[in-house]
Amino acid sequence: MGESLEARLSPALARGAYLDDPVWARECELLFARSWCAIGRESDVESAGSYLCVELAGESVLVTRDDGGGLHGFFNVCRHRGAQLVDVPGEPTAGRTRGVT
């Protein structure tokens, strides 16, 4: 007859789906790297020069607002030296950029 009724009605994924590194790597590859992800609200970067910095799937992401009101997204890394441009807070918080807009 196949699986028991209990197995078919399992209320959650197996433990490994939440904790295994290979599962996480596959999710990063198939989900986060291929689609848009909401990381904050437009109001988190209200004024020119403000920014939002978050960790997303193991990558530090920086969103800035320029003088014309436009939003720009970057990896939070200096292209020249490879250092982070701003610290990554535990929670998304707004701050001021130093010419990254």
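Trainee: Which element supplies the largest share of the lining of the largest pocket?
Mentor: In this predicted model, helix H3 (21–32), S1, S2 and strand S3 (71–75) each give at least two residues to that lining. One of these elements supplies four residues, the largest share. That element is S3.

Trainee: Which residues lie nearest the centre of the largest pocket?
Mentor: The lining of this pocket counts 21 residues, and the pocket has a volume of about 560 Å³. Nearest the centre lie Ser35, Cys37, Ile39, Leu56 and Val61.

Trainee: How many residues of the lining of the largest pocket are nonpolar?
Mentor: The lining is sorted by class, with three polar and three charged residues. The nonpolar class has 15.

Trainee: Where is the place of Ala57?
Mentor: Phi of Ala57 is near 50 degrees, a positive value in a residue other than glycine. Strand S1 covers 50–56 and strand S2 covers 59–65. Ala57 sits in the loop between S1 and S2.

Trainee: Why does Ala57 count as partly exposed?
Mentor: A residue is buried under 20% relative accessible area and exposed over 50%, and partly exposed in between. Ala57 falls in the middle class because its relative accessible area is 23%.

Trainee: Which pattern does the protein chain follow along the sequence?
Mentor: The secondary structure comes to three helices and four strands. Read along the sequence, the pattern is α-α-α-β-β-β-β.

Trainee: Which element of the protein chain has the lowest mean pLDDT?
Mentor: For the chain, the mean pLDDT is 80, and 77% of the residues reach 70 or more. Among the elements, S3 has the highest mean, 92. The lowest mean, 45, belongs to strand S4 (residues 94–96).

Trainee: What percentage of the residues in the protein chain is buried?
Mentor: The cut-off for buried is under 20% relative accessible area. Of the 101 residues in the chain, the buried ones make up 20%.

Trainee: What part of the accessible surface belongs to carbon and sulfur atoms?
Mentor: The accessible surface of the protein chain comes to about 8000 Å². Carbon and sulfur atoms hold 53%.

Terms used
Residues are numbered from 1 along each chain as its sequence is written. This is a predicted model: local features need pLDDT of at least 70, side-chain atom pairs count only at pLDDT 80 or more; totals for chains, interfaces and linings use all residues. Side-chain values use heavy atoms; hydrogens and water are left out. Buried means under 20% relative accessible area, exposed over 50%, partly exposed in between (1.4 Å probe, protein chains only). On a 1 Å grid over the protein atoms alone, a cavity is a set of points where a 1.4 Å probe fits but cannot get out, and a pocket is an open set with protein on both sides within 12 Å along at least five of seven lines; lining residues have an atom within 4 Å of a point. Grid points are joined across faces, edges and corners, and a volume is the space filled by probe spheres set on the points. Ala, Val, Leu, Ile, Met, Phe, Trp, Tyr, Cys and Pro count as nonpolar, Asp, Glu, Lys and Arg as charged, and the others, Gly among them, as polar. pLDDT is the predictor's confidence in each residue, from 0 to 100. Accessible areas come from the Shrake-Rupley method with a 1.4 Å probe; for residues, only the protein chains shown count as cover.
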